Amino acid sequence: MNNWNIHEAVEYYKGQDAPQNQFALVELLKEAQEHNGGVLTDCLIEDIAALLNIKVTFLNAVIKRYPSLKTAQAPHRLEVCGGKNCAANGSAALLKHIRGAYGAESGGISTKGGFSFKICGCLKHCGKGPNIKWDGEIYNAATPELIKKLAGR
Ligand code: FES
């Protein structure tokens with residue numbers, strides 16, 4: 001796309017001390033994502049890892065830590081509040097559904113649902129739980145139906 005070139009981008013960020021400088025590494029990933037339709041494909045991740053001489057598993061671990069980075073397998077991010085007020089409002093049933101219907105474990109991804117999944121801390125909407133965050137946006141009184149609607153599957 002455009003005149004973006006992965007080799008030039010990698011060279012540039014190597015000059016900024018990537019991958020040792022994680023900030024530069026993340027900037028490189030963001031740029032790659034931007035020039036590839038908004039997602040980091042497996043192929044792209046493998047190419048970047050090879051050019052930087054680092055492991056794909058390391059790169060994937062970095063990607064997981066930054067909500068703005070999205071993989072093709074899991075372009076969305078789902079976070080479910082693990083706080084005690086949301087637990088009182090039924091988050092356990094929701095978590096059970098996410099595990100059962102999408103095969104997702106906290107800290108992992110669901111290829112079936114197209115999202116990465118994490119149990120997070122209190123989202124400060126305690127009275128309206130169970131609360132979730134989908135791509136950074138908070139939804140109250142979340143249900144399995146809501147997740148199905150958001151995931152589109
Ligand atoms: S306990 Fe879930 S938002 Fe506070």
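Is A141 buried, exposed or partly exposed? The model here is a predicted one, where local features need pLDDT of at least 70 and side-chain atom pairs count only at pLDDT 80 or more, while totals for chains, interfaces and linings use all residues. Residues are numbered from 1 along each chain as its sequence is written, and side-chain values use heavy atoms, with hydrogens and water left out.

A141 turns out to be partly exposed, at 48% relative accessibility (buried is under 20% relative accessible area, exposed is over 50%, and partly exposed is in between, with a 1.4 Å probe and protein chains only). A141 sits in the loop between strand 5 and helix 7 (144–151), and has a positive phi of about 45° despite not being a glycine. Helices (H or I, at least four residues) and strands (E, at least two) are DSSP runs, numbered from the N terminus. D135 also has a positive phi, about 50°, and is not a glycine either. Its place is the loop between strand 4 and strand 5 (137–139), and D135 is partly exposed, with a relative accessible area of 35%.

Then there are the cis peptide bonds. One runs from A18 to P19, with omega near 5°, and P19 belongs to the loop between helix 1 (6–15) and helix 2 (22–34). Another joins G129 and P130, with omega about -5°; P130 is in the loop between strand 3 and strand 4 (132–134).

On to the pockets. A pocket is an open set of points on a 1 Å grid over the protein atoms alone, where a 1.4 Å probe fits, with protein on both sides within 12 Å along at least five of seven lines; lining residues have an atom within 4 Å of a point. Grid points are joined across faces, edges and corners, and a volume is the space filled by probe spheres set on the points. The largest pocket comes to about 210 Å³. It has 17 lining residues, and the closest to its centre are N60, I63, T71, Q73 and I109. Helix 4 gives the most to this lining, with 5 residues. Domain 1 (6–65) and domain 2 (76–151) both contribute to the lining, so the largest pocket lies between them; the domain bounds come from an automatic or database domain assignment.

The second largest pocket has a volume of about 150 Å³. Residues lining it include K64, R65, F117 and K118, and helix 4, strand 1 and strand 3 (115–120) each supply at least two of the lining residues.
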